[in-house]
Amino acid sequence: MSERDTICALASGAPPAAIAILRLSGPKVAWLAAQHLECAIPAARHATLTDVRDAGGALIDRGLAVFMPGPGSYTGEDTLELYLHGGASVIEHALSAMTAHEGVRMAEPGEYTRRAFEAGKLDLTEAEGVADIIEAETRAQKAQALRQLGGGLSETYAGWRAELTGVLALVEVAIDFPDEGDAPQDTTAPILAKLDRVIADVRAALGDGGIGERIRDGFRVAIIGAPNAGKSTLLNRLARREAAIVTAKAGTTRDVIEVRRVLGGHVVWIADTAGLRVTDDEIEAEGVRRAERAAREADLRIFLIDSGAPETSILSTEYRRPGDMVVVNKADLQAAPLDLNADHVISAKAGKGVDALEHAIADFVGKYAASVEAPVITRQRHRARLQDGLRSLEAARDALADDVGAEMSAEDIRMALRQLGSIIGVVGVEDVLGAVFSEFCIGK
């Protein structure tokens, strides 16, 4: 990517559509307007009706042009948007006409927002908020993305960095003036108190149960139980389609099969898993291992029991965990012979009780999502950097408390500042920029 290039892309949906928005940004925008627009350069920030023509003078379309001069634009550069008819031929003609000039090319994914970041218009978490709001499918995702785009995460991280910068200044005073009368006589106690406050805040953020990531990526529900308990039938019933193969043969499901639903206003991934049992079949054994992993990673485990299978009591002892939602299946065939303390009794095949189960899943997810009011971690990238920063802060606190040396403490605090800075894009982010902006759509 070179900022010397002027970039061009379709910023609206794929054709055909009522309107197509073509976005151009870069140093040649004004020149391109003079070459291709009948009105030449439109008045800044005013929609101007104009003919758009190619280099040979052929009419591309008649539409609106909006010119936004830098630095007061999204990218910080001169920007031009063309609002044309949304047919494929119009779009192709316009894009080919613009990119026929030297130094004008099609934009790469996320390049407009990357330029906004590089121009200081957004920090990295706000840029991620742009991608998230485009991808948002639920109101919860949209609300979280808007908060992030509005600087809600940045404010928290910047506050921690400001406090740690003050702590670092106190530590460096102790380093520079260890025996001088001008230095505070007892600086360690206030430094430790400040460090402890930041450490407590970071630990609280990391202890959020991954709510921010789950709102963004989806909550995980795993259906587990013995072979032939009806797990695949239940998955199909919840999916409202034939997502998994169902047969009477035990061990049919060999891998984790996931379906995506929106329940209680949140994205939920529901996983069908292989029957949990000891087996000599190598493929089925791998399926069991994957089922156990899916169960470990799930936010909610639905432990499904065949109402007529006597071995369910053994499975309950071996595989059930506190917090499992216990569901007795095949209630249309016969009643469960044991007191299994079931949360729900259903017939996945007939559909009896499944609506109530679905409402219970939605209720669980809703309460889980509401358990943290405003998560400051919405991606694994944030969590990894924050965990590294916490380790540095704890090392700094221990070095001061154990009187190991203020120099070591200062270096650990600097490391923590770098980790926090990498989250919002202040320092050391070149290695992650490509990964972050590659997730964007072209045109944004």
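This is a predicted model: local features need pLDDT of at least 70, side-chain atom pairs count only at pLDDT 80 or more; totals for chains, interfaces and linings use all residues.
Strands β7 and β9 run parallel and are joined by 5 bridges.

**Around β7**

One of the pairs linking it to β9 is Arg220 with its bridge partner Trp269. Strand β7 also has a parallel neighbour in β10 (residues 300-306), again through 5 bridges. In that pairing, Gly225 stands opposite Leu304 of β10.

Strand β9 (residues 266-272) has a further partner: β8 (residues 257-263) pairs with it in the antiparallel sense over 7 bridges. Within this pairing, Arg261 has Val268 of β9 as its bridge partner. The hairpin of β8 and β9 leaves 2 residues between the strands, and Gly264 takes a positive phi near 60° there.

Here are the strand pairings with their bridge counts, including one from the sheet described next.

| Strands | Sense | Bridges |
|---|---|---|
| β7 and β9 | parallel | 5 bridges |
| β7 and β10 | parallel | 5 bridges |
| β8 and β9 | antiparallel | 7 bridges |
| β1 and β2 | antiparallel | 4 bridges |

**The six-stranded sheet**

An open sheet is formed by 6 strands in the order β3-β4-β5-β2-β1-β6, with mixed pairing. Its edges are β3 (48-53) and β6 (104-106), each of which pairs on one side only. From one strand to the next, the twist averages 30°. Helix α3 (residues 111-118) packs on this sheet and touches β1, β2 and β6, while its direction makes about 135° with that of β1.

Inside the sheet, β1 (residues 6-10) and β2 (residues 17-25) run antiparallel, joined by 4 bridges. Ile7 has Ser25 in β2 as its bridge partner.

Strand β2 also holds Ala18. Is Ala18 buried or exposed? Its relative accessible area is 63%, and because the cut-off for exposed is over 50%, Ala18 counts as exposed. Even so, Ala18 has contacts beyond its neighbours within four places in sequence: Leu84, His85 and Gly86. Leu84 lies 66 residues from Ala18 along the chain, and the C-alpha atoms of the two are separated by 8.6 Å.

**Two helices side by side**

Now to a helix pair. The axes of α7 (residues 188-206) and α13 (residues 380-401) come within 10 Å and cross at roughly 155°. Angles over 145 degrees count as roughly antiparallel, and therefore α7 and α13 are roughly antiparallel to each other. The crossing of α7 past α13 is left-handed. Residues making the contact include Ile191, Leu195, Ile199 and Val202 of α7, and Leu386, Leu390, Leu393 and Leu400 of α13. Charged residues take part as well, among them Asp196 and Arg203 of α7 and Arg383, Glu394 and Arg397 of α13. By class, the contact of α7 with α13 has 14 nonpolar, 2 polar and 5 charged residues.

**The chain as a whole**

Stepping back, the protein chain contains 15 helices and 12 strands. Of its 444 residues, 48% are buried. Among contacts between residues at least 6 apart in sequence, 63% join residues at least 24 apart.

Notes:
Residues are numbered from 1 along each chain as its sequence is written. Side-chain values use heavy atoms; hydrogens and water are left out. Two strands pair if DSSP finds at least two bridges between them. Axes are lines fitted to C-alpha atoms, for helices over the stretch in contact, and angles run from 0 to 180 degrees between N-to-C directions. Angles under 35 degrees count as roughly parallel, over 145 as roughly antiparallel, 65 to 115 as roughly perpendicular and the rest as oblique. A crossing is left-handed if the near helix is turned anticlockwise from the far one by less than a right angle, and right-handed if clockwise. Contact means heavy atoms within 4.5 Å. Buried means under 20% relative accessible area, exposed over 50%, partly exposed in between (1.4 Å probe, protein chains only).
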